[in-house]
Amino acid sequence: MTIIVRITATAPRLSMQRVLDATLGLDVWEVHDDHVVALATEPQAERLLAMGYGVEELAGAEAFVTQFGDEAAAAAYHSAQSLEDDLRRLSEEHPEVAELREIGRSVEGRPIWALRVGIRRGEQRDGTTTFLVLGCHHAREWLAVEVPYLLASHLVTAAGEEPVASWLEQGEVWVAPMVNPDGHEYTRTHDRLWRKNRRPNPDGTVGVDPNRNYGYMWGTLDVATSSHVPADATYVGPRAFSEPEVRAVRDLVAREQVAGVLTYHSYSQLILYPWGYTPDPVPDGTDRQQMTAIGQEMQRLIHDVHGRTYTAKQSSDLYPTAGDTADWTYGENDAPSLTIELRPAGQADGGFVLPPSQIQPAWEENREAALHFIGQILGKP
Ligand code: 0X9
Ligand code: ZN
C-alpha cells in the first residue's frame with residue numbers, strides 16, 4: 001500500500017532538507033519551504049514519524065488515481081501506439097517539412113520516435129543547427145507527451161509562416177514526445193504512478209530513472225532524489241547511459257548539431273536551468289545570462305496567456321540531482337537547456353493525473369514560451 005503524504009517539521013531542528021537527504025527511498029513529488037509531498041509506503045511513513053516529522057495522509061494512491069482519472073481521461077492522452085500513428089500522419093500529410101525517425105528502442109523493444117521538422121535535404125543538411133524538444137522521460141507525466149506533440153504539430157503547420165519559415169532555412173527542430181514508452185505503457189495498464197523505465201534490475205526490482213542516467217556528473221549524489229538503490233523511484237542505474245532510452249537521446253545529440261534543448265516534465269509549474277547537481281551557478285557568465293534571461297521571458301510569456309505562474313529558477317533549488325538531461329546537454333554539449341515542469345501547481349489539482357480538459361490550456365500557455373526559446377537558438381544569424 002502506498003499513500004500520498006504531506007511531511008512537515010514539528011520542531012525547529014528538523015529541516016525539510018533532512019527529509020530529502022535521508023536515504024528513505026521516498027518518491028518526492030513536491031518540495032516547499034515548510035513541507036514535502038511524497039508517495040510513501042507505510043513503513044516509510046512510520047520511519048518519518050519515528051524521526052519526529054509530522055506525516056499527514058493526503059490520499060491512498062489508488063483513491064487519488066480514481067479521483068482524478070478514469071478511462072475517458074486515459075483515452076484523451078496518447079499511448080505509445082497512438083503517438084506513433086499521429087506522428088506518422090503528420091509526416092505523411094506534410095512530407096516537405098516533416099519526417100518520422102526512430103531514434104532508438106526501449107528496454108522492451110518499443111521504438112522511440114522523433115519528428116524531424118525541417119526543409120533542408122541531403123547535403124544541404126550539413127551544418128544544420130538543431131533544436132531538440134523532449135517529452136516524457138517519466139512514465140506518469142502524461143501531459144509531458146501532449147505539449148511536445150502539440151508543439152511538433154504546430155511547427156509542421158506553421159512551417160510556411162514567419163517566424164518558423166526563417167528558422168527552418170538554417171535549422172531544424174526535432175521533437176521526441178515520449179522518451180520512455182515502456183514506462184508510459186505500464187502506467188496505462190498496471191500502475192498509473194510509475195515513474196521509471198522498465199529495466200529488470202539484478203536484485204529483482206524494476207526500473208532506472210531515465211532522468212538520472214545521463215553522463216554528466218552521473219552518480220555523484222546519493223540522496224533521496226538521486227538514489228543508488230535499485231528499488232527507489234530515482235535509481236540512477238548501474239552506470240551512465242546504461243539505459244537504451246537515454247542512449248537514444250545521447251546518440252541523437254551526437255549525430256545532430258544540437259544547439260538548444262527543451263525537456264518537458266510535470267508537475268509543479270517550473271522553468272529550470274542548470275545546474276541540477278550543485279547549487280553553484282554555471283561558471284560561464286554569458287551562458288548563465290542567456291539561460292536565465294530565456295527562462296524569465298518564458299515565465300512572462302506563460303503568465304500572459306492564462307495567468308499561471310511557472311517559476312524560473314536553478315534546478316538544484318528544487319532539489320539536487322545528478323545525471324539529469326539538461327545538465328548533460330548543457331555541461332557536455334554546450335547547448336542551452338531548460339527543463340519545464342508543466343501544470344498543475346500541486347497534488348490538490350491532480351498532480352500527475354491531470355484531467356484532459358487541462359491539455360489545451362497547458363499547450364496554449366506554453367506555445368509562445370517554447371517558440372521564444374527556439375527562436376533564440378534558430379533565429380540568430
Ligand atoms: O526529478 C526530476 O527528474 C524532475 N522533476 S520530476 O518531478 N518531473 O521528476 C526535475 C529535474 C530537474 N533537475 C533537478 N532538480 N536537479
Ligand atoms: Zn519528470
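Biologist: How much accessible surface does the protein chain have, and what share belongs to carbon and sulfur atoms?

Modeller: In this predicted model, the accessible surface comes to about 14,800 Å². Carbon and sulfur atoms hold 47% of that surface.

Biologist: What is the make-up of the chain in helices and strands, and why is the chain called as compact as a globular protein of its length?

Modeller: The protein chain has 13 helices and 12 strands. The C-alpha trace spans about 65 × 45 × 45 Å along the principal axes.

Biologist: What share of the residues is called buried?

Modeller: The cut-off is under 20% relative accessible area. Of the 381 residues, 59% are buried.

Biologist: Which residues of helix α3 are buried, and how do you know that they are on the same side?

Modeller: In α3, residues 61-68, the buried ones are A61, F64 and F68. They cover an arc of only 60 degrees around the axis, so they lie on the same side of α3. In general, an α-helix has 3.6 residues a turn, so residues three or four places apart point the same way.

Biologist: What covers these buried residues, and which exposed residues are on the face turned away?

Modeller: The cover includes strands β1 (2-8), β2 (27-31), β3 (35-41) and β4 (54-60). The face turned away from the buried side carries E62 and T66, and exposed means over 50% relative accessible area.

Definitions and conventions: Residues numbered from 1 in each chain as written. Chains lettered and ligands numbered in written order. Predicted model: local features only at pLDDT ≥ 70, side-chain atom pairs only at ≥ 80, totals over all residues. Heavy atoms only, no water. Helix = DSSP H or I, 4+ residues; strand = E, 2+ residues; numbered from the N terminus. Buried < 20%, exposed > 50% of the residue type's maximum accessible area, 1.4 Å probe, protein only. Areas by Shrake-Rupley, 256 points an atom, 1.4 Å probe, with all protein chains shown as cover. Arc of directions from axis to C-beta. Contact = heavy atoms within 4.5 Å.
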